[in-house]
Amino acid sequence: MGATRNTLEPPVQLKFDSFKTVNERARAAVVNIFCEIRKNVTVKTITGSGVVIDPSGVVLTNAHLAQYFLLEKYSDEGATTCTVRAGSPARNAYTATLLYIPSLWIAKHANEITLKDPVGTGEDDYAFLYITGGTDKAKPFPTSFPYLRLNTKE
């Protein structure tokens, strides 16, 4: 028997962005989500982060934060407000609407929204928001947002 010859091609050279470039792109795509719930004279604030994953303004965030966008529609008018903040330091920049929240997460956690310190497993704790407008009417609304593309490959 003859020896088989290894016919592998040379390794592919991968091109990576510099740390500075990655950092700049990530900073531009990360947003702060700020919600307030007003009841009588009490104000409760809820904050968290998200990342813009599509140039049209789709934001990936946590369901435990995005659930407050549901309250905007179903609580007393003006009692719950949420804004998307951008920049450094973060400033109110955009309005958004809830695009998707897993019904499994809602079913498991809907009763926890009034708890002082709810605890979850993180399972199904994701949601998508959609940026709908700017908070500063003097500034033009962007036609495209800085974003980080999701890697959906295994």
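Two strands pair if DSSP finds at least two bridges between them. Strand 3 and strand 6 meet this condition in the predicted model, with four bridges in the antiparallel sense. Within this pairing, threonine 61 stands opposite alanine 127 in strand 6.

The protein has three helices and six strands. Along the sequence, these elements follow the pattern α-β-β-β-α-β-β-α-β. The six strands close into a barrel, in the order 1-2-3-6-5-4. Pairing in the barrel is antiparallel. From one strand to the next, the twist averages 45 degrees.

Strand 2 and strand 3 (residues 58–61) are antiparallel and pair over three bridges. Valine 52 stands opposite valine 59 in strand 3. The hairpin of strand 2 and strand 3 has three residues between the strands. In that hairpin, glycine 57 takes a positive phi near 110 degrees. Strand 1 (residues 30–39) is joined to strand 4 (residues 80–86) by six bridges. These two strands run antiparallel. Isoleucine 37 has threonine 80 in strand 4 as its bridge partner.

Helix 1 (residues 19–29) lies across strand 1 and strand 2 (42–54). The helix runs at about 25 degrees to strand 1.

Several loops hold backbone features of note. Most residues other than glycine have a negative phi, and most peptide bonds are trans. Asparagine 40 is not a glycine, yet has a positive phi of about 55 degrees. This asparagine lies in the loop between strand 1 and strand 2. Asparagine 40 has a relative accessible area of 78%, so it counts as exposed, the cut-off being over 50%. Aspartate 124 also has a positive phi, of about 60 degrees, although it is not a glycine. The loop between helix 3 (103–109) and strand 6 (127–134) contains this aspartate. With a relative accessible area of 22%, aspartate 124 is partly exposed. The peptide bond from serine 88 to proline 89 is cis, with omega near 5 degrees. Proline 89 lies in the loop between strand 4 and strand 5 (91–100).

The interior was examined next. Of the 154 residues of the protein, 28% count as buried. In soluble globular proteins, nonpolar side chains tend to be buried together. The largest nonpolar core has 23 residues. Those that touch the most other members are Ile33, Cys35, Val59, Phe69, Leu98, Ile101 and Leu129. Two or more residues each come from strand 1, strand 2, helix 2 (63–74), strand 4, strand 5 and strand 6. Helix 2 gives the largest share of this core, five residues.

Leucine 98 illustrates the contacts. Neighbours within four places in sequence are left aside here. Leucine 98 is then in contact with Ala66, Phe69, Leu70, Ala127, Phe128 and Leu129. Across the protein, contacts between residues at least 6 apart in sequence were also counted. Of these contacts, 64% join residues at least 24 apart.

The structure holds six aromatic pairs. One of them joins tyrosine 94 and phenylalanine 141. Their ring centres are 6.3 Å apart and their planes stand at 85 degrees, so the pair is edge-to-face. This pair links distant parts of the chain, 47 residues apart. Tyrosine 94 is in strand 5, whereas phenylalanine 141 is in the segment after strand 6. Tyrosine 94 counts as buried because its relative accessibility is 17%, and the cut-off is under 20%. Phenylalanine 141, at 38% relative accessibility, counts as partly exposed. Ring pairs also link Tyr94, Phe141 and Phe145 into a cluster.

Another pair is formed by tyrosine 126 and phenylalanine 128. The centres of these rings are 6.1 Å apart, and their planes are at 75 degrees. This pair is therefore edge-to-face as well, since planes over 60 degrees apart are counted that way. Tyrosine 126 is partly exposed, at 32% relative accessibility. A further ring has a charged neighbour: arginine 85 lies over the face of phenylalanine 34, at 4.0 Å from the ring centre.

How values were computed
Residues numbered from 1 in each chain as written. Predicted model: local features only at pLDDT ≥ 70, side-chain atom pairs only at ≥ 80, totals over all residues. Heavy atoms only, no water. Axes fitted to C-alpha atoms, helices over the stretch in contact; angles between N-to-C directions. Contact = heavy atoms within 4.5 Å. Buried < 20%, exposed > 50% of the residue type's maximum accessible area, 1.4 Å probe, protein only. Core = buried A, V, L, I, M, F, W, Y, C linked by side-chain atoms within 4.5 Å. Phe/Tyr/Trp six-rings, centres within 6.5 Å; stacked < 30°, edge-to-face > 60°. Lys NZ or Arg CZ within 6 Å of the ring centre and 35° of its normal.
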